Amino acid sequence: MQVYWIKINKIIQESSEVRTYLLDCPQDFTWEEGSHTHFALEGFNTGDKPNRSLIRHMSISTLPDEGMIGITTRIREQCSEFKAILKNLKVGNEVAIFKTHSNVPLKREGKNVYLLSSGVGLATFRPLVLDYLKRADNVNRLHSLNIDSSKEFLFSSVFQSTPDKNFTSQFVDNRKDYYEKVKKLATDNDGLYYVVGSDEFLVQNIEILREQGIKADQIVLDKHEEQRAEFLSFDLSNKGLG
């Protein structure tokens, strides 16, 4: 397993609680849209076993042609040991990344694609939108719907509707409006539905999509195949995972 130790090049305060850490990109490191990586802090591999409290699974919020690896995360005032250490890191400090993989690349199957996210989950979708805006081949249209109760919606310069490119972006700040909009979107029985957020958020979205007749193979989750199968196998009469 190759571990890349790389320097923080820039820190962007996206909102009151959300930061993007832009990391130097090693020459031999590449990734595709929708990728996640293991993001680790100094000391994670000093003992006999990796210190898992110093490792997090993070989406990469940039594309390779942007020249830097972007990690976007929410850091609240009351936070974990990992986030507390991360909060105090400065430009020039080193972090590690390893085991990079994409479960949610943009599928180009001539269909409408719907991106459903909660809060900072939008970071996973930023590269997909940029990739689509550069090259819309075999995607009919792209629609993003994000819920964030903080009302501090992220990446507003990227997530703005562009009618001439068939891209629509919607933000809502409450669950009622969000789930009403999901139901309306799910009337497209041939669309592809990407969902990123907490496990609870995934379950609720899958339940609504399935009730509207959306099949399991039309739902894309940022999960390994085994986990994805578990989320998508629930019994509709059972109302979610047990």
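**Figure 1. Tyr4 of strand 1 and its partner in strand 6.** Tyr4 has Ile97 of strand 6 as its bridge partner. The model shown here and in the other views is predicted. Strand 1 covers residues 4-13 and strand 6 covers residues 94-102. The two strands run antiparallel and are joined by 4 bridges.

**Figure 2. Strand 3 beside strand 6.** Strand 3, residues 35-40, pairs with strand 6 in the antiparallel sense. The pairing extends over 5 bridges. Phe39 has Ile97 of strand 6 as its bridge partner.

**Figure 3. The hairpin of strand 1 and strand 2.** A hairpin of 4 residues joins strand 1 to strand 2. The two strands run antiparallel, with 5 bridges between them. Ile8 stands opposite Leu23 of strand 2.

**Figure 4. Strand 2 against strand 5.** Strand 2 pairs with strand 5, residues 68-74, in the antiparallel sense. There are 7 bridges in this pairing. Arg19 stands opposite Thr73 of strand 5. Strand 2 is joined to strand 1 as well, by 5 bridges.

Figure 5. Lys10 is placed in strand 1. Its relative accessible area is 44%, so Lys10 counts as partly exposed; that class lies between the 20% limit for buried and the 50% limit for exposed. Leaving out residues up to four places away in sequence, Lys10 touches Thr20, Tyr21, Leu22 and Val91. Thr46 is 36 residues from Lys10 along the chain. The C-alpha atoms of Lys10 and Thr46 are separated by 26 Å.

**Figure 6. Asn205 in helix 4.** Asn205 lies in helix 4, which covers residues 199-211. Because its relative accessibility is 0%, Asn205 counts as buried. Apart from residues up to four places away in sequence, Asn205 touches Leu116, Tyr178, Tyr179, Val182 and Val195.

**Figure 7. The chain as a whole, for placing the close-ups.** The chain contains 5 helices and 11 strands. Its radius of gyration is 18 Å, which agrees with the value near 18 Å for a compact globule of 242 residues. Along the principal axes, the C-alpha atoms fill a box of roughly 50 × 45 × 35 Å. Of the 242 residues, 48% count as buried. Among contacts with a separation of 6 or more, 72% are between residues 24 or more positions apart. The accessible surface comes to about 12,000 Å², and 44% of that surface belongs to carbon and sulfur atoms. The chain carries 31 positive and 34 negative side chains. The centres of these two sets lie 3 Å apart.

Definitions and conventions: Residues numbered from 1 in each chain as written. Predicted model: local features only at pLDDT ≥ 70, side-chain atom pairs only at ≥ 80, totals over all residues. Heavy atoms only, no water. Rg over C-alpha atoms; globule rule 2.2 N^0.38 Å. Buried < 20%, exposed > 50% of the residue type's maximum accessible area, 1.4 Å probe, protein only. Contact = heavy atoms within 4.5 Å. Areas by Shrake-Rupley, 256 points an atom, 1.4 Å probe, with all protein chains shown as cover. Lys, Arg positive; Asp, Glu negative; His and termini not counted. Charge placed at Lys NZ, Arg CZ, Asp CG, Glu CD. Pairing = 2+ DSSP bridges.
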